[in-house]
Amino acid sequence: MAIMITTIWTPNNSGATPQLSVNLTTARDAMRKDGYSAEVMALIPGGGGAPGEMGLAIDYDTPDAYVAALSEGVSPSLAEAQASMQYSDSKPERTSTWIELPGLETAYEDLPKGVVQTSYIKVNAGQAAKAMELVTKSRNIMTSMGAKVRVMNAFLSSPTGMILFGVYHESPGKWREFNDALIASAEWNEHWNDSGRVGAVEMMRQSAFAMLP
């Protein structure tokens with residue numbers, strides 16, 4: 001059962017984005033050097049967020065690995081890299097810690113690293129069972145159509161009580177092909193229009209990020 005930490009930055013002006021990208025990829029590469037799984041994500045144009053928004057996602061394959069990392073603190077290569085970074089005129093907007101929902105796990109190694117479409121789903125009070133039913137069915141439909149899906153519950157986040165539903169694709173073209181098929185799917189449209197969704201969950205945000213090489 002994986003745990004993922006995400007940190008999202010927004011540039012204060014359009015000229016800040018290149019240096020922010022350099023800093024985040026430098027941090028990512030340093031973490032990888034120290035044995036961590038990390039990715040940098042850049043919001044696609046019109047992707048459902050602040051222009052230039054970028055994120056760093058760090059993945060731990062087990063809760064034990066997560067706890068060990070907390071105990072270790074900043075890894076040696078990351079500490080060295082941070083000392084060399086230049087000011088990017090950007091701010092960390094939010095951080096969150098997510099844990100996979102039992103029975104819906106997808107290994108990090110199986111996730112394509114091209115484009116990820118993320119949905120932030122708020123679970124209303126007393127509706128956890130219905131929310132689980134809805135996201136499980138969504139995942140089952142999408143995986144049957146060839147998508148790789150990761151479903152995670154907010155452990156530490158603001159706002160709290162959210163589910164992160166990520167759909168991963170190899171490239172923008174594959175993402176487009178999948179969405180075309182999804183829109184045409186009678187099973188998906190019936191599920192999406194399920195009246196039980198009303199009052200159980202709320203879609204807080206949908207975004208799409210390119211995962212940087």
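Me: Which tyrosines form one aromatic cluster here?

Reply: Tyr36, Tyr60 and Tyr66 make up that cluster. Keep in mind that this is a predicted model.

Me: How are tyrosine 36 and tyrosine 60 arranged as a pair?

Reply: Edge-to-face, with 6.1 Å centre to centre and 85 degrees between the planes. The pair links distant parts of the chain, 24 residues apart. Tyrosine 36 is in the loop between helix 1 and strand 2, and tyrosine 60 is in strand 3.

Me: And are those two buried or exposed?

Reply: Buried, both tyrosine 36 and tyrosine 60.

Me: OK, tryptophans. How do tryptophan 188 and tryptophan 192 pair up?

Reply: They're stacked, at 5.9 Å centre to centre and 25 degrees between the planes. They sit four residues apart in helix 6 (residues 186-192), so about one helical turn separates them.

Me: Why does tryptophan 188 count as buried?

Reply: Because its relative accessibility is 10%, and the cut-off for buried is under 20%. Tryptophan 192 comes out at 38%, so that one counts as partly exposed.

Me: Switching topic: which residues touch the most other members in the largest nonpolar core?

Reply: Leu24, Met31, Met54, Leu56 and Tyr60, out of 20 residues in that core. Strand 1 (3-11), helix 1 (17-33), strand 2 (37-43), strand 3 (54-60), helix 2 (63-72) and helix 3 (76-84) each give two or more residues to this core.

Me: Which element gives the most?

Reply: Helix 1, with five residues.

Me: What is leucine 24 in contact with, leaving aside neighbours within four places in sequence?

Reply: Trp9, Val40, Met54, Gly55 and Leu56. There's also a second, separate core of 19 residues, with Val149, Val151, Leu182 and Val201 among them.

Me: Now the lysines. Where does the charged end of lysine 113 sit?

Reply: Over the ring of tyrosine 108, 4.3 Å from the ring's centre.

Me: And where is lysine 91?

Reply: In strand 4 (residues 90-100). Its relative accessibility is 41%, so lysine 91 counts as partly exposed.

Me: What does lysine 91 touch, not counting residues up to four places away in sequence?

Reply: Ile8, Trp9, Thr10 and Asn12. Lysine 91 and threonine 10 are 81 residues apart in sequence, yet 5.6 Å apart in space, C-alpha to C-alpha.

Technical notes: Residues are numbered from 1 along each chain as its sequence is written. This is a predicted model: local features need pLDDT of at least 70, side-chain atom pairs count only at pLDDT 80 or more; totals for chains, interfaces and linings use all residues. Side-chain values use heavy atoms; hydrogens and water are left out. A nonpolar core is a set of buried Ala, Val, Leu, Ile, Met, Phe, Trp, Tyr and Cys residues joined through side-chain atoms within 4.5 Å. Buried means under 20% relative accessible area, exposed over 50%, partly exposed in between (1.4 Å probe, protein chains only). Contact means heavy atoms within 4.5 Å. Rings of Phe, Tyr and Trp (its six-membered ring) pair if their centres lie within 6.5 Å; planes under 30 degrees apart count as stacked, over 60 as edge-to-face and the rest as tilted. A charge sits over a ring if NZ of Lys or CZ of Arg is within 6 Å of the ring centre and within 35 degrees of the ring normal.
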